[in-house]
2 protein chains.
Amino acid sequence: MIWCVEDDSGIRDIEIYTLKSMGFEAQGFSDGETFFEALEKEKPELVILDIMLPGEDGVEILKRLRTEPDTYRIPVIMATAKGTEFDKIQSLDLGADDYLVKPFGMMEMISRVKAVLRRCEPEPVQRLLKADGVIVNLDEHTVSVDGERILLTFKEYELLKLFLSNPGLVFTRDQLMSDVWGVDYIGESRTVDMHIRTLRQKLGSYSYMIETVRNVGYRMEAKK
Amino acid sequence: MIWCVEDDSGIRDIEIYTLKSMGFEAQGFSDGETFFEALEKEKPELVILDIMLPGEDGVEILKRLRTEPDTYRIPVIMATAKGTEFDKIQSLDLGADDYLVKPFGMMEMISRVKAVLRRCEPEPVQRLLKADGVIVNLDEHTVSVDGERILLTFKEYELLKLFLSNPGLVFTRDQLMSDVWGVDYIGESRTVDMHIRTLRQKLGSYSYMIETVRNVGYRMEAKK
DNA sequence: GATTCCTTTGATTATTTTTTCAACTGTCTG
DNA sequence: CAGACAGTTGAAAAAATAATCAAAGGAATC
C-alpha cells in the first residue's frame, strides 16, 4: 500500500490514479493529521510526502516518522515545488529516500517508487514451492493448504516436495522409492501407496493433485 | 568505498574530493573498461555512474551490473546532463537507485549517496528479541518469560538466541551443533536434545514454542 | 583444592512413523 | 459378465526417532 500526503486534491487524485493503474494499492491524505491517524492502524509500504502542507508540513512529518521506532524504516519520497539544492539536501538528510520536484511526470514518480521499493525489499530468503493452494516452505519445513498449516510426516513431506519440484512428471513406484527412501532401500509391498494415501488425505480438497497413472505410478497435476 | 565512473577528469576530481572530505572512501574511473577490471578484485559500496562515456556507456554498464549475480545488488546512482523524464525513467527502470541531473551540487550528491546507503544498510541488529512472552535482551544477556527473569546456561541462551533470530526456520541438529558449539565440534546428537529439554523446561508455559520436526530437527514457531 | 554448576553421555522409556499384510474396490479385457 | 490385475483401505506389527532419566565427566568459581 502506497500513501500520498498532498493537499491539492487534483494532484493527489492523479497520483493515486496513476499508482493504481500501475498495479499499486494507493490511498491519499490531505494533511498530516489524518495521515498519522491512519498510521495507527496500518503501515504503508511507502509514503509520497508533499512538503507544503496546511498545518504540520512535510519536513515535520518526516522528522516525526523517523523518530518513532514503528515507522522509522518506512520509505519516504518527498515531493515539492521548491527545487533548490538546499531543500533537497534538507529532506534527504532528514531521512527521505528520494525527492521529486514539481511539476514531475507521473512516469518518473512510478519509476522512483519502484526504485525505492526495489532497494527496500529484502533479499528473497524463503524458498517456496507452490501449486494451487498448496505451499511448501523449504526453509521452515512447513506445508500449508489454503493458508492452513498441515502437519506431514517426513516421508509425506519428501514425497510432496518431489512432486512439487517436478510438476506434471510421472514417477514410478521404484523411482519414488529410490528418491525418497534412498537408492539401496529394499521394500516392496504397497509402502508407497500407503504414503500417497495419507498424503492425499492431508491435502484434503487438493487430493486430486496427486494423480494415479495406472500401470505406471503417480503424478502431480496442478490445475488453476 | 564509493566509485565514480566519469570521463571528465575535472568533474571526477571534484566528486572524489567531495566524497573524501565527507569521510567516504572514493575512487574514480574514466571508462567502463577500467571499472570492470577493478570490479574483478573488489566490490564498491556504491557506484556513481555517468551516462555519457567513451566506449560502453553508463546505461550499458548498469545493465551489465544488474545481470551479474555478483554485482546486481550494488547500489548505483546515475549522473548525466540529459535530464528528460525519459532518461530518468530508463535508468531507474533498469535498476538504478537514484538519478542526478548535471550540473548537480556536490552537497546534493552527498545527500543522495547517504540516502541510498542508508536504505541499503541492513536493519540494525535487534538488541531485543521477542516472541510471545519471551524476551531476550542481548545487551543485558538476560531472558525473561512473562516479565519474570529466568536463568539460562550459556548453551541454552545461545540456542534460544539462534531460534529467536530466525523465527520459523528449521535447524537440523547438525546446524545447531555447528552454530552453538562451533563448526568443528564432534558430539552426540543427544546433547542437543538434552539442551532443548532443559530450555523447554525453563520456558515453562512457552515450551510449545520450540517445535520438534521429526527426522529433521527443531524450529521456533513464529507466532504474533 | 574443593565445590558447584554445567555439560555430556549411555541406557531406558515413550511416542510417532513406517511398514506389512490381508481384504476390498474398481477397471479393463476377453 | 467373470476373471485378472492394479490400486485403495484398514488395522496392527515393527521400526525409527525423540524424550526422559540418572550418572559421570568437566569447567569455572570461590
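Which helix supplies the largest share of the surface near DNA strand D?

## Model and numbering

This is a predicted model, in which local features need pLDDT of at least 70, side-chain atom pairs count only at pLDDT 80 or more, and totals for chains, interfaces and linings use all residues. Residues are numbered from 1 along each chain as its sequence is written, while chains are lettered from A and ligands numbered from 1 in the order in which they are written.

## Surface near DNA strand D

The largest share, five residues, comes from H8(B). Helices here are DSSP runs (H or I, at least four residues), numbered from the N terminus. Helix H8 (191–203) of chain A and helix H8 (190–203) of chain B each supply at least two residues of this surface.

DNA strand D is surrounded by 16 residues, "near" being a C-beta atom, placed from the backbone, within 6 Å of the strand. The closest are Asp193(A), Arg197(A), Thr212(A), Arg197(B) and Thr212(B). By class, the surface has eight charged residues (Asp, Glu, Lys, Arg), four nonpolar (Ala, Val, Leu, Ile, Met, Phe, Trp, Tyr, Cys, Pro) and four polar (the others, Gly among them).

## Chain A and chain B

In chain B, 26 residues are in contact (C-beta atoms, placed from the backbone, within 7 Å) with 23 residues of chain A. Helix H4 (85–93) and helix H5 (106–120) of chain B each supply at least two residues of the chain B side. H5(B) gives the largest share of that side, eight residues. Its residues divide into eleven nonpolar, four polar and eleven charged.

## Contacts of Leu49(B)

Beyond its neighbours within four places in sequence, Leu49(B) is in contact with Val5(B), Gly58(B), Ile61(B), Leu62(B), Val76(B), Ile77(B), Met78(B) and Ala79(B).

Note on methods: Two residues are in contact if their C-beta atoms, placed from the backbone, lie within 7 Å.
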